[in-house]
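This briefing is meant for a reader who is meeting the structure for the first time. Please look over the sequence and the model below before reading on.

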Amino acid sequence: MQAKDLEGKNVVLTGKFATLKRAEAEVALTALGAKVSDSISRITDILFAGDKAGSKLAKAAQFNVAIHDEATLAAVLASAPAPAPRPAEPAAEAQPVVSAFAGKVVALAGRFSTMLRARAQELLTEAGATVVNGVTPTTNLVIYGDMQAERLIETAKSQGVALMDESEMLAIFRAGKAEAKPAEASVDPTEMSRVVAELRAFIQALKRRKDITVEKAVLGRKASNAKLDQLRALRVPDQLVELYAEHDGVHVEWRFTEPPGIGCMRIPAVTQWTRFTGDDSHYMNFGDEYEALLLDEITPEGSTWLVRTREKGAHAMIRFASAAEGEDGVIAANSIADYLREAMRCGFVPYWPRCFRPSGNVSYAEQELAIERFRAPPVIPDKVAVGGRVQFEPIAAGGRGQALATCEVPASIHTSYIGTKFVEVRTDEGSVAWIPRKWLKALSRSKTDAYEQLRAPELALVNDELGLGEQLDDLARALGQVTSYSTRDPIGKLPSNARRAAGLLGARPLADAVRLVLAFDHAVRRAKLDLHERRPLVKNGREFDPAELAHHQWTYNVADLLTGLHAGLVVLAHHESARRAVPGAALLDAGLVEQLAGHADAKDLHDRCTRAAPLAAPPWTYQDPDMPTLGLPAGTVVWSGTGA
């Protein structure tokens, strides 16, 4: 193998190397035109393996990846032509402190953490500067402190005025020379200082959006010199040290004022745990030869880590990984600055490093939709109003209903997650409950998706004009697929789309709903369709839950639709029997019950409609067992948990 053979190849290094330093080898390979990655995939061309290569060897064999040892790698790198020497850069001349500020018109912005503004003004004046308030046409430089300086920073940028942060100013005074002398036209602050300024502006923009509620926005004060020295001693990457020099921890959480969609960034403050540790401490399965430090705890199930080999001077990779998947995580960015910028571009939506990357195992359609919505121009949501229709998202498979009343309860530790505002909702399937306002969105009167259309009492599921194929597609858009089953005594085993099916059928009398489903079932079976065949579904904007359908790669099977419809009738039968206080046998006439008896899919409904005792209402409380009444009306049902 020659050095030229590596150009354009996807290369992975694994194991311990005896003579090569991993970081240097990666740099050299990149210089030869190779694309170095950290995990084996179908596009990997070459694996260079040292001692204790671990599971990557087996995965490389599985994908027919060429495997070479350390000796081959060393020989290839040795055969590479030496890079041309770089011309020596002229040494910067040291200048006295006064020259950095002498004759400059300087404005101070924000709150300084190391001294009072008056003291900063005094030092600058002694150094020959003229300190003014605000940015004027004659201002040469703005020196800023914390995030309260945001507006003045933006003004300075728009007018081409140089910027410098508090730490750079102090460095000049401490060093006694102008190592950070600002240029006449502009001062280029460190990369991390620029990113932090962008982060502050990003948070302020979040707070101004009418379609977003910022629930947490905490930027820690600058980390102390002792903490920064601690990080340097632990060989923490320079950019992370620079970030902590600006803010000792970052915690931002937001949500759309109507669901769905949230964002979270949680960079922990410097503590004794801010250090690289092995798998025995964090259980992420990066491998014995690696150590990792938590960078951003996006969610408990998926976070971003700095991962590096234990060699001194090793480069830290920025890897997003779900719990315990370790080396199968994805590289989120090439630098911490790039990571922060990309995180802002994606709105901190959980799992953003995985979004828009095709996966045969998991769909992140929900998150992708949230990112697309975040990037799009804000849309002011309709207000939830008494009498209006609403949709609720986090509870089981979701559903719709009508708002009956509103109530605000006192804030307490129990409302920290669900909020203090509640709406009483009569759901389409028949339950009445108080639901947290943050879980609801208002439906405009013009909402005409497949669910709303099929719910109309006068609409039949069998329509000769449309054709069975279009009707099946619309029903799939309305109900979705069966993703799970839940057992809730006395209702029994129900598919995940049963509630939505009950809501769709519930606008009709129970007997009419039964006839409707039986007629549809017979039409499907007369057509002799393969009920379990995956049928493609074209996205047309009329879906109840497009993210859910995306989870199934925009396909569905007819069997799941029939299962949901028949289970929805069981739900409605329980509601009807409990509401009227009549036995199950009194719900339908004898002829309809007889039709059910001859239908295999209607066995559960037939059983309910032949019972001599009343049926219990579905016990869908979704009540957190440790949750108090919160001050809502006594005796009412409160949905404070997400259910199943």
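**Surroundings of I203**

Leaving out residues up to four places away in sequence, I203 touches A217, L219 and V252, where contact means heavy atoms within 4.5 Å. This is a predicted model, in which local features need pLDDT of at least 70 and side-chain atom pairs count only at pLDDT 80 or more, while totals for chains, interfaces and linings use all residues. Residues are numbered from 1 along each chain as its sequence is written, and side-chain values use heavy atoms, with hydrogens and water left out.

- I203 has its place in helix 8 (residues 191-208); helices (H or I, at least four residues) and strands (E, at least two) are DSSP runs, numbered from the N terminus.
- With a relative accessible area of 1%, I203 is buried, a term that means under 20% relative accessible area, whereas exposed means over 50% and partly exposed lies in between (1.4 Å probe, protein chains only).
- Although I203 and M344 are 141 residues apart in sequence, their C-alpha atoms are 9.3 Å apart in space.

**Salt bridges**

- The count of salt bridges comes to 34, each being a side-chain nitrogen of Lys or Arg within 4 Å of a carboxyl oxygen of Asp or Glu.
- R209 and D211 meet through their side chains in a salt bridge of 2.8 Å, N to O, and both R209 and D211 are buried.
- E215 forms a salt bridge with R255, in which the closest N and O atoms are 2.8 Å apart. Because E215 lies in strand 9 (residues 212-219) and R255 in strand 10 (residues 250-256), the pair ties together parts that are 40 residues apart in sequence.
- E215 counts as partly exposed at 40% relative accessibility, whereas R255, at 16%, counts as buried.
- E215 also meets K438 in a salt bridge of 3.2 Å, N to O. This pair links distant parts of the chain, 223 residues apart, with K438 in the loop between strand 19 (432-436) and strand 20 (440-442) and E215 in strand 9.
- K438 counts as buried, at 15% relative accessibility.
- Salt bridges that share partners also join R389, R400, D428, D449, E452 and R455 into one network.

**Nonpolar cores**

- The largest nonpolar core has 74 residues, and those with the most contacts inside it are L475, L505, V514, L565 and L588; such a core is a set of buried Ala, Val, Leu, Ile, Met, Phe, Trp, Tyr and Cys residues joined through side-chain atoms within 4.5 Å.
- Helix 19 (residues 558-580) contributes the largest share of this core, 11 residues.
- A second, separate core has 51 residues, including L243, I267, A316 and F320.
- V514 is in contact with L569, L588, L592, L596 and L605, when its neighbours within four places in sequence are left aside.

**Packing of two helices**

- Helix 16 (residues 498-505) and helix 19 pack at an angle of about 70°, and their axes are 7 Å apart; axes are lines fitted to C-alpha atoms, for helices over the stretch in contact, and angles run from 0 to 180 degrees between N-to-C directions.
- On the helix 16 side the contact is made by A498, A501, A502 and L505, and on the helix 19 side by G564, L565, A567, G568, L569, V571 and L572.
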